[in-house]
Amino acid sequence: MLFDTHVHLNATQFTEDRNEVIKRAFDTGIKYMVVVGFDRETIPLAIEIAEQNETIYAAVGWHPVDAIDMTDAELAWIEELSSHPKVVAIGEMGLDYHWDKSPKEVQKEVFRKQIRLAKKVNMPIIIHNREATEDIIEIMQEEDAKQVGGIMHCYNDSARYVQTCLDMNFYISLGGPVTFKNAPLPKEVAQQVPLDRLLVETDAPFLAPHPNRGKRNEPAYVKLVAEKIAELREMSFDEISKITTENAFSLFNIKK
Ligand code: NI
């Protein structure tokens, strides 16, 4: 039994065959998922998918790439949705320095506002980080994100930042890149993260694991991520599955 802690079943890539994708995941043993909303269109759809499936949950937040589009009305909307019974986290939020649609200063302000909101409603945070680790950590520290903790989603930087994230009550979630042949960093992280802070995810439709790299990702493939981590840690797949699923229950406050 596996828990895909970050999947975008609400993305347009799944419009045609979403129910088949969900069924394939269930058939592969991926019983639990969190569908992450990140803008006006994907947030309501994340909640709708969670309402239709007992073991699928939703997260609501605003993506840093589109930070420039977020008004106070959207922030209030996210706050209102956070009390929905299937919403388990605020995010994804963070900083993305790869794309320049939203200036860094705007991204930082929108990130801070969402951390404050998560603290107000007392829910864990899902962090998106692309080429911005040091600024992310600085803002998390200044805003005391430790109060609620959360997930460093698809962690893809050096292992030297991991301890700082753990100290702030954050979990480290690994996805497809841990299976990539030329990606030493996530492999190193997979071997070092304390087991009680490790999560698995797909970030589907993006970042499909080997041997499906470059194709559309889907939640069933989280099995490939867990298998790779088991191999790297010299543990059984069942152990990694059990531990990461329990971790997700505990972080998202899901009562079985
Ligand atoms: Ni995502």
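Contact here means heavy atoms within 4.5 Å, and the views below all come from a predicted model.

**View 1. Helix H2 and the elements packed around its buried residues.** Within helix H2, which spans residues 42-52, the buried positions are Thr42, Ile43, Leu45, Ala46, Ile47, Ile49 and Ala50.

**View 2. The largest pocket and its lining.** The space in the largest pocket amounts to about 610 Å³, and 24 residues line this pocket, with Asp96, His128, Asn129, Arg130 and Asp203 lying nearest its centre. Strand E4 and strand E5 (125-130) each contribute at least two residues to the lining, and the largest share, three residues, is supplied by E5. By residue class, the lining is made up of ten nonpolar, seven polar and seven charged residues.

**View 3. The aromatic pair of Phe3 and Phe249.** Four aromatic pairs are present in the structure. In the pair formed by phenylalanine 3 and phenylalanine 249, the ring centres are 6.0 Å apart and the planes stand at 70°, an angle over the 60 degrees required, so the pair is classed as edge-to-face. Because phenylalanine 3 belongs to strand E1 (residues 2-7) and phenylalanine 249 to helix H9 (residues 237-252), this pair ties together parts that are 246 residues apart in sequence. Phenylalanine 3 has a relative accessibility of 1% and therefore counts as buried, and phenylalanine 249 is likewise buried, with a relative accessible area of 4%.

**View 4. The aromatic pair of Tyr32 and Phe249, and the ring cluster.** Tyrosine 32 and phenylalanine 249 also form an edge-to-face pair, with 4.8 Å from centre to centre and 90° between the planes. Since tyrosine 32 lies in strand E2 and phenylalanine 249 in helix H9, the parts that this pair ties together are 217 residues apart in sequence. Tyrosine 32 is buried, its relative accessible area being 8%. Ring pairs link Phe3, Tyr32, Phe249 and Phe252 into a cluster.

**View 5. Lysine charges placed over tyrosine rings.** The charged end of lysine 86 sits over the ring of tyrosine 57, at 4.9 Å from the centre of that ring.

Definitions and conventions: Residues numbered from 1 in each chain as written. Predicted model: local features only at pLDDT ≥ 70, side-chain atom pairs only at ≥ 80, totals over all residues. Heavy atoms only, no water. Buried < 20%, exposed > 50% of the residue type's maximum accessible area, 1.4 Å probe, protein only. Helix = DSSP H or I, 4+ residues; strand = E, 2+ residues; numbered from the N terminus. 1 Å grid on protein atoms, 1.4 Å probe; cavity = no way out; pocket = protein on both sides within 12 Å on 5 of 7 lines; lining within 4 Å. Points joined across faces, edges and corners; volume = space filled by probe spheres on them. Nonpolar A, V, L, I, M, F, W, Y, C, P; charged D, E, K, R; others polar. Phe/Tyr/Trp six-rings, centres within 6.5 Å; stacked < 30°, edge-to-face > 60°. Lys NZ or Arg CZ within 6 Å of the ring centre and 35° of its normal.
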